[in-house]
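Morning, everyone. Let me put the structure up, and then we'll walk through a sheet and a chain contact.

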Amino acid sequence: MQLLKLIDLAAARSGDKNDVCNIGVLAKTPDAYQILKKHLSADVVKKHFGSLITGEVVRYEWDSIEALNFVCHGALDGGASRSMRMDTLGKNFSSHLLRLELTIPD
Amino acid sequence: MSVVRIAGAQGFYGDSPMAAIAIAAQQGADFLVHDALAELTLSILQKDRLADPNMGYARDLETLAKFLIPIAHQNGIRIVTNSGGLNPESAAQKVAAILKQQGITNFKIATITGDDLLSQLPQLQQNGHQLSHLDTGKPFAENKYPPTHANVYIGAQSVADALNQGANLILAGRVADPCLTLGILVHKFGWKLTGNLSQPDLDRLASGIAIGHLLECGGQASGGNSYAEWPMDYPVSNLGYPIAHVSEDGSAVFTKLDSEGGKVSRNTLREQLVYEIHNPAHYITPDVTVDLTQIQLTELAPNHVQVSGAKGKPRPNELKLAIGLHEGFITEQFFFFSWPYAYDKCTRFIEAVNEIWARLPIRIERKEFTIVGVNGIHPGAAPTPPPDVLNQLNELGVRLAIKHSDANTGKIAMQAITCLGLNGPPGIVSMPTWGKVNRVILSLWPTLIPRSAVQETVQIWEV
């Protein structure tokens, strides 16, 4: 078992479109991208966000820029203009995702 | 091969004009693109227009007219923006007046209108358009809130037309962000935008959209808001905004002014590429649907990155119409407590607030309490340390937020808890100017509408 911290493997940027938040995860190296492709699933991401994301999380692979794009539905408390949260635009979904730790089996 | 230089000169309504002024003064671009319309901006502009029928455009246009446009015009640089918002005509008159005061002549302003369908909503429904919600499928007739704005995302054609007519400044309404840039490229290179398009035609349009997408958030493509370049080892107080040197084939080299801060790297561009994108193989715009998955970002030299490889698919048959709805109000406030017992004092304070509000004859539809320093930004997801650890912190804050439909409720609720300053847990620090009373809650009703229901108009205003 190996414990890998996402913040060591990737950068991230998140943004809003109504009640959908997308998180682009940018691997720091081609090797890191392969690890992320294998282990950073939509399910892992959804679980990490707990009640912050109420809908489905869809993952898109973006090989040419070594990125994964997570499209999180029902993520912004109804959308920025309705949200009662501090971070109405979901700019820190990126930050919270970077806190994630991946457990990699040997 | 001919090249046109386009700068992403503004990323949002309220952005600093300094980067654009530097680019104009150093003749670093041929065109400046100013994007002013985020999803919510039109609702803000509608409030302005209700208060004064001559308003409804992005007010920072007045600053640009005083300090940027004269320099840009002197250097032969043209400006394309959607800052016209809900009232491009009034914006044109205001800008024209400011330019005249400065002795500027031989200047053409073009307005682009036709995206604002608010007044036509009843007629559209009578004509059989259900305006069904894009996600839920519900017809608009079932909506129970008053609409605040209704704007359709329009494409690049009118931008190209206005530039073909010699416009020095384009003041558009809801032209989709990347289409501002595409319009410049269609004008400059004569790219085919409509009709029977070949795959190379579509790929060129897709490249234009990709370039426009990379430019539309200004400094976010040149090292701002960056985890990819963290710890951001370059100046950010004078961040240079991105400039795309675009060739006729649709490839581009992104750079910035040497004199300014920031950075243009493969990292800063891929970080912007993913921003607000859903399916990267199917990025829908009014003019072309774009596959961004084969895009290549190549660093040629420091601060010089080549972008190529976007692929195009035919544009959608319908256009997206976003209707804003007034759903009520949010009122929020912040309070802080220090060591000792900072966490326990926060929870005790929240308990007292709940008890006071329960006794008031007001209707609070929803309330949220978070503790700043613990779960203010990520409620429900942030890991929470145990209370004995939290009680050792020097300070923690409480954020209260309530949703209400009556405009007085927020004031009454916040007034009722001020007594806790003397009656509540010891040592409260209040931050009254941090909170907001009656922030309007808007929900967006996205729908699709046939292109035939939208009539765009380009009008030229001579200064």
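Start with a definition: two strands pair if DSSP finds at least two bridges between them. Strands are DSSP runs of E, at least two residues, and helices are runs of H or I, at least four, both numbered from the N terminus. This is a predicted model, where local features need pLDDT of at least 70, side-chain atom pairs count only at pLDDT 80 or more, and totals for chains, interfaces and linings use all residues. Residues are numbered from 1 along each chain as its sequence is written, with chains lettered from A and ligands numbered from 1 in the order in which they are written.

Now, one pair of strands. In chain B, β7 (243-247) and β8 (252-255) run antiparallel, with four bridges. Ala244(B) has Phe254(B) in β8(B) as its bridge partner.

Zoom out. How many strands form the open sheet of chain B? Ten, in the order β11-β12-β8-β7-β1-β2-β3-β6-β4-β19, with mixed pairing. At the edges sit β11 (296-301) and β19 (457-462) of chain B, each pairing on one side only.

Next, the helix. α8 (177-189) of chain B packs on this sheet and touches β1, β2, β3 and β7 of chain B. Touching means C-beta atoms, placed from the backbone, within 7 Å.

Last, the two chains. Their contact takes 38 residues from chain B and 32 from chain A. Which element gives the most on the chain B side? β18(B), with five residues. Other contributors of two or more include α10 (266-273) and β14 (318-338) of chain B.

Terms used: Two residues are in contact if their C-beta atoms, placed from the backbone, lie within 7 Å. Axes are lines fitted to C-alpha atoms, for helices over the stretch in contact, and angles run from 0 to 180 degrees between N-to-C directions.
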